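Keep the 3D view open as you read.

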Amino acid sequence: MHVKKYLLKGLHRLQKGPGYTYKELLVWYCDNTNTHGPKRIICEGPKKKAMWFLLTLLFAALVCWQWGIFIRTYLSWEVSVSLSVGFKTMDFPAVTICNASPFQYSKVRHLLKDLDELMDAVLERILAPEPSHANATEALNFTIWNHTPLVLIDEQNPHKPVVLDLFGDNHNSSASSSPAPGRTCDAQGCKVAMRLCSLNGTVCTFRNFTSATQAVMEWYVLQATNIFSQVPRQELVAMSYPGEQLILACLFGAEPCSHRNFTSIFHPDYGNCHIFNWGMTEKALPSSNPGAEFGLKLILDIGQEDYVPFLTSTAGARLLLHEQRSYPFIKEEGIYAMSGTETSIGVLVDRLERKGEPYSRCTKNGSDVPIPNLYSDHNTTYSIQACIHSCFQDHMIRNCSCGHYLYPLPRGEKYCNNQDFPDWAYCYSDLRINVAQRETCINLCKESCNDTQYKMTISMAEWPSEASEDWILHVLSQERDQSTNITLSRKGIVKLNIYFQEFNYRTIEESAANNIVWLLSNLGGQFGFWMGGSVLCLIEFGEIIIDFVWITVIKLVAFSKSLQRRRAQAHYASPPPTVAELVEAHTNFGFQPDVISHSPTTGTYPDEQPVPIPGTPPPNYDSLRLQPLDVVESDNEGDAI
Amino acid sequence: MAPGEKIKAKIKKNLPVTGPQAPTIKELMRWYCLNTNTHGCRRIVVSRGRLRRLLWILFTLTAVALIFWQCALLVISFYTVSVSIKIHFQKLDFPAVTICNINPYKYSAVRDLLADLEQETRGALKTLYGFSEIKSRKRRDAESWSSVWEGTRPKFLNLVPLLAFKEGEMGKARDFLTGRKRKVSGSIIRKESDVMNVHESKEVVGFQLCSNDTSNCAVYTFSSGVNAIQEWYKLHYMNIMAQVSLEKKINMSYSAEELLVTCFFDGVSCDARNFTLFHHPMYGNCYTFNNRQNETILSTSMGGSEYGLQVILHINEEEYNPFLVSSTGAKVIIHRQDEYPFVEDVGTEIETAMATSIGMHLTESFKLSEPYSQCTEDGSDVPVENIYKAAYSLKICLHSCFQTKMVEKCGCAQYSQPLPPAANYCNYQQHPNWMYCYYQLHQAFVREELGCQSVCREACSFKEWTLTTSLAQWPSEVSEKWLLSVLTWDQGLQIKKKLNKTDLAKLLIFYKDLNQRSIMENPANSIEMLLSNFGGQLGLWMSCSIVCIIEIVEVFFIDSLSIIARQQWQKAKQWWAQRQAPPCPEAPPSPQGQDNPVLDIDDDLPTFTSALHLPPAPGTQVPGTPPPKYNTLRLERAFSNQLTDTQVPAEF
């Protein structure tokens, strides 16, 4: 019923014409609005009126501008950080310990026999290139050599470098091989390079080194990688250092621990790595006190005399502190602990907690990164290192169709080796120095939102001291080998203390700098400051706009109606005068009186018009004059609102 | 008449027509309170009862006070900063790495220059501690120093005498040996005052420095002869080296090929050509890697030791100067490309026969400059000339400031810092008293009397590499044999003997991860924030806005002042009229209306005057005073016109 009534009223209004004019509406709005400026416009003198009008416009513009700024600030998703420092009971970090040498030489010797012999010969050749030693090379296995040989590049003539194969007299190498092998060459004149060939030796590049040391080490590592990649994982694990051999003593706080508290994983670079407190199967151990007494104390036996001589030249233990359930990237982030010393490491947990999208570009669990995480086999959490390594392996498989030995294998792929993939070394060394590949990976991988770093304060002291050396070595020898003699030396043992510092955490937490409350309060503040307005004022304004539109609609309806009528009237009304004129033109000779008579005729029409057309323009004026009733009425309505 | 006009007229009718036209301040106030946009004021006027009105006055005033207080707080805290910490994972620029041998010059090369000094030092050691034969771990061709010394006159000891003081007898000192001072551990004795602060009252060693006339002397003592002799030696050493030309010094020091055995960066070989020479007065030739030599800065896109810089250094211990340096190894400074490496002050020392692996984390800090803090963007606004060819830093400023002062006061420049334009290094041929002057100046500098500390300001942005250093044995026992022989081959002609592992040091510098941490200061407030906070405060307490403030200015300053002025003017007029024509009291009012001084302030002003006479309703008869009536009549006509207009349609 109400709706019908309302619609009827609307229809009526449409027929009758608007109750207000624009000006009335505006004045009414200005008088009754709650914003501060407009009222002043109407109740002041003309000069002040102009001033207030300008001021109001200016303030309105200012408000709009400032609102724009605030909304833009809000949409920039800025964050504010809060920093907290202190000590609290925290989970002790996971500690990964590896030996710097991946394998025990005594156990891998049979695998590396050929390679080592070759290496010895190479060194001999480089250091003393007299042909007298050439006969010693007969027994060597040249199959590995021929695949990726080391060459000497004689650059004494920089425009025409001469490539000398180290064993050039034994077999013919590529085209540029020198006819005078065994020429004396020293470090200044010659460079050692590695020849990498692909496509059955037709396309070759030389990887140059400025020092022979690097060249032979790189070469050896490449060859060793090739050998080890063909050995099954279980055998490799058996050849590396087992936990019970590496860890001689372990103490966590006051509780004794042993190698059984360590989880072993196999790292291609460092062999067996042992992780303490990884938190994979059992709950992570907390530490509630600062200081060395309450931390982890370890004595390790690195067995330096059993290192693979050419594979690694650095002796010590490798150590990494990392988060529970995260994969240890020990090669990138690890530190060394030296033998014959006690290394004390004070730990501060530096934690950064970020809000995810849209505040910062980071990922909560790596699920939105387009690279499959190859380290998820260990059930470890996402990290950027894992992503980058997975990405590299991905590229490796795509370019070389085999996986690199240092990184985990995706399902169904094989590790590279010379037999199955003869071109892999060429392909790999190409990929490795390819900067574009790395940048692609960096762009694809996202940082993890929660980032924990362990800040370490490292100090070292000699251990065991001279006075205590004797008994400590005795005890350790007894425990390890059940021998009464000293079987260990200070070159082979490492002591580690890892403990929380006085302040053990520093947490940087992000929170949204500008939330919706902030935005609203600032919008309100601006509006209030310049114009004393609120949301209700906006609603008022919206109401006025609707009224404006309504008036416009009504006016348009009225206008189109009148247009219609005028057209109808034009059909009927305009010809008669011409007819009359024609008649009069026929009767009267003078054409001029016509003009005079025209105005009287038009003057006569109004008398006739009211009868056929009630709504022609003149009545409109009339209605205006009659409308004061309406005006008063609507005024009251307005007041009532 | 337009309908808009009608409404306006209605409003005018409803509104009290007083306001700016109010005859008195009180009326104006009342008008203001009734019509203002702020809340509170209206309450005061409309409240009935004295208590209630008082309460409302109290509330309003409290609100005003609160607004002022809060806004003052807002203004005061405007220049605060908020800190944001961001982490970016990205390709990082590798820093410049400067590597120096701790020993500046090959001893064999500088020996000729330092022969006299060494002789005297040995002599002094013999006299003071009773031994002459210095047993070096490395036997060098030991000449019979003592015998040579007997004959010549010691010029160094003469110039700066070394003194040994016995407990108790401070006035007398055995004049013989050696030493030299500067920021030393021992205390400083002024000979004149005879005050000594060394608690251990055994024999102390020091040296005496005198100014020109030798009347003004200072004695610097050290609690240990080791410090004293080293300082004394260094002092003379600087004197001698200051007279040697730069090219000669560079030749006397180590070449890049000698220092660097192997070099590997980001998986690619590098060599001496990738290093630029940087000559440091106290450390000889230093070599900087990645010093933007080809206008490109190397960067790493992988973390881990494999992708960083790996170098093996050759440290020839046999060439060490026994008195100048007492430790063996090299010094590494990691710095920005445009930063000056302060080898003396910062740097990590690396040991021989060890692999030192240095993992880096990059932290960048940005501070806001004026008006938030006192920092400087590029040092151009610091009144100290930068004598280093490097970007501004606080340390550079302090050193430059000291050096400039040194040139000013002592007439020559200190040897271990760069030369300011048109100055020479100090040496005792030309500046015999420079040492005394230098020590005095240095004391003043340390005590902040030179004003350098107050003039120099910190830089606004800096990059910092946090280092995690760990050591491991290198080479391992099993790899030692082959490694040393290959390294010897690598060095080739540089050395004639087989390398020993104590001659070598391995250094690995790498990014642990590619996270760059940026600590940035941002303005906590912007002007928009301040205004919106103002708006919030004004709105909360009084529902006020800038319009209200304009209103207040208008009403309280313009209107009330004009009212007061008008009243005063009238009074003056009245008084004048009374004095001029006491018999005719009717006269004054007529000019009053016509040349009212307030007339030109507002075009509505006629209504001002009319307002004076408004209280009587327009309809009622105004008794008396025809001239004012004439005046108001003219004005009221406009007004009453409107009234009639509105009234007529209302009566329809």
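Predicted model: local features only at pLDDT ≥ 70, side-chain atom pairs only at ≥ 80, totals over all residues.

Two strands count as paired when DSSP finds at least two bridges between them.

Take strand 9 of chain B, residues 260-265. Six of its six residues are buried, so the strand is largely enclosed by the rest of the structure. It pairs with two strands. Strand 14 of chain B, residues 309-314, runs antiparallel to strand 9 of chain B, and five bridges join them. Within that pairing, B:Leu260 has B:Leu313 as its bridge partner. Strand 10 of chain B, residues 268-269, also pairs with strand 9 of chain B in the antiparallel sense, over two bridges.

Now turn to the surface. A nonpolar patch is formed by B:Ile549, B:Val553, B:Phe556, B:Phe557, B:Ile558, B:Leu561 and B:Ile564, with about 610 Å² of accessible area together. B:Leu561 belongs to helix 16 of chain B, residues 546-580. Its relative accessibility is 52%, so B:Leu561 counts as exposed, the cut-off being over 50%.

B:Arg52 lies in helix 4 of chain B, residues 50-76. B:Arg52 is exposed, with a relative accessible area of 54%.

Next come the charge pairs. Side chains of opposite charge can pair when their charged atoms come close. The whole structure holds 34 salt bridges over all chains. One of them joins A:Glu117 and A:Lys113, at 3.6 Å from N to O. These residues are four apart in helix 5 of chain A, so about one helical turn separates them. A:Glu117 is partly exposed at 31%, and A:Lys113 is partly exposed at 47%.

Other pairs join strands. A:Asp350 and A:Lys455 form a salt bridge, with the closest N and O atoms 3.9 Å apart. A:Asp350 lies in strand 16 of chain A and A:Lys455 in strand 19 of chain A, so the pair ties together parts 105 residues apart in sequence. A:Asp350 is buried, at 0% relative accessible area, while A:Lys455 is partly exposed at 23%.

In chain B, B:Glu349 forms a salt bridge with B:Lys331, again with closest N and O atoms 3.9 Å apart. The two residues lie in strands 16 and 15 of chain B, so this pair ties together parts 18 residues apart in sequence. B:Lys331 is buried, at 6%.

Finally, a network of salt bridges links A:Arg207, A:Glu218, A:Asp269, A:Lys331, A:Arg432 and B:Glu306.

Key
Residues numbered from 1 in each chain as written. Chains lettered and ligands numbered in written order. Heavy atoms only, no water. Buried < 20%, exposed > 50% of the residue type's maximum accessible area, 1.4 Å probe, protein only. Patch = residues over 30% accessible without salt bridge, like charges linked within 9 Å, V, L, I, M, F, W, Y side chains within 5 Å. Areas by Shrake-Rupley, 256 points an atom, 1.4 Å probe, with all protein chains shown as cover. Salt bridge = Lys/Arg side-chain N within 4 Å of Asp/Glu carboxyl O.
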